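Dear colleague,

Please find below the structure I promised to hand over. My findings follow it.

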Amino acid sequence: MHFRSQKKLASEISLNDTIDVDRDGNPLTYIDVISCDDSMTADIERKLCVAKAKKYVNTMLTQRERHIINLRYGLGGKEPMTQREIAEKLKISRSYVSRIEKSALEKLRDAVK
């Protein structure tokens with residue numbers, strides 16, 4: 001029984017197992033040579049920025065500006081739309097959509113400063 005259980009463990013290794021020795025005679029382990037592309041802090045920062053942007057969009061903009069920004073940039077999990085598509089949907093001119101979008105983005109830019 002003992003040999004069977006050891007056979008199952010034979011292919012397992014530990015991150016602390018020594019694989020070599022460095023120039024100074026110190027053991028080199030798997031944990032020393034495995035790299036980790038840790039993007040956790042970047043992910044957290046991105047999520048915080050997205051939450052902050054959503055807060056500004058929801059509190060700083062009028063209902064019409066909010067609606068156009070949501071459509072234009074695909075906020076809320078939707079596909080982004082062009083100004084022309086938004087104009088057709090809302091039955092207003094494309095230039096009016098552009099003016100509303102520009103005004104909304106200026107408000108958001110001022111809020112972030």
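Helices here are DSSP runs of H or I with at least four residues, numbered from the N terminus. The model is a predicted one.

Overall architecture. The chain contains six helices and two strands, arranged along the sequence as α-β-β-α-α-α-α-α. Of its 113 residues, 18% are buried. Among contacts between residues at least 6 apart in sequence, 32% join residues at least 24 apart. The chain exposes about 9,400 Å², of which carbon and sulfur atoms supply 53%.

Helix α4. This helix spans residues 63-73, and its buried residues are Glu65, Ile68, Ile69 and Leu71. Viewed down the axis of α4, these buried residues fall within an arc of 165 degrees, so they line one face of the helix. They pack against α3 (40-60), α5 (83-90) and α6 (94-112).

Nonpolar cores. The largest nonpolar core has eight residues: Ile68, Leu71, Met81, Ile86, Ala87, Ile92, Val97 and Ile100. The elements that give two or more residues to this core are α4, α5 and α6. A second, separate core comprises seven residues, among them Val57, Leu61, Ala104 and Leu108. In soluble globular proteins, nonpolar side chains tend to be buried together.

Leaving aside residues up to four places away in sequence, Val97 touches Ile68, Gln83, Ile86, Ala87 and Ile92.

With kind regards

Key. Residues numbered from 1 in each chain as written. Predicted model: local features only at pLDDT ≥ 70, side-chain atom pairs only at ≥ 80, totals over all residues. Heavy atoms only, no water. Buried < 20%, exposed > 50% of the residue type's maximum accessible area, 1.4 Å probe, protein only. Arc of directions from axis to C-beta. Contact = heavy atoms within 4.5 Å. Core = buried A, V, L, I, M, F, W, Y, C linked by side-chain atoms within 4.5 Å. Areas by Shrake-Rupley, 256 points an atom, 1.4 Å probe, with all protein chains shown as cover.
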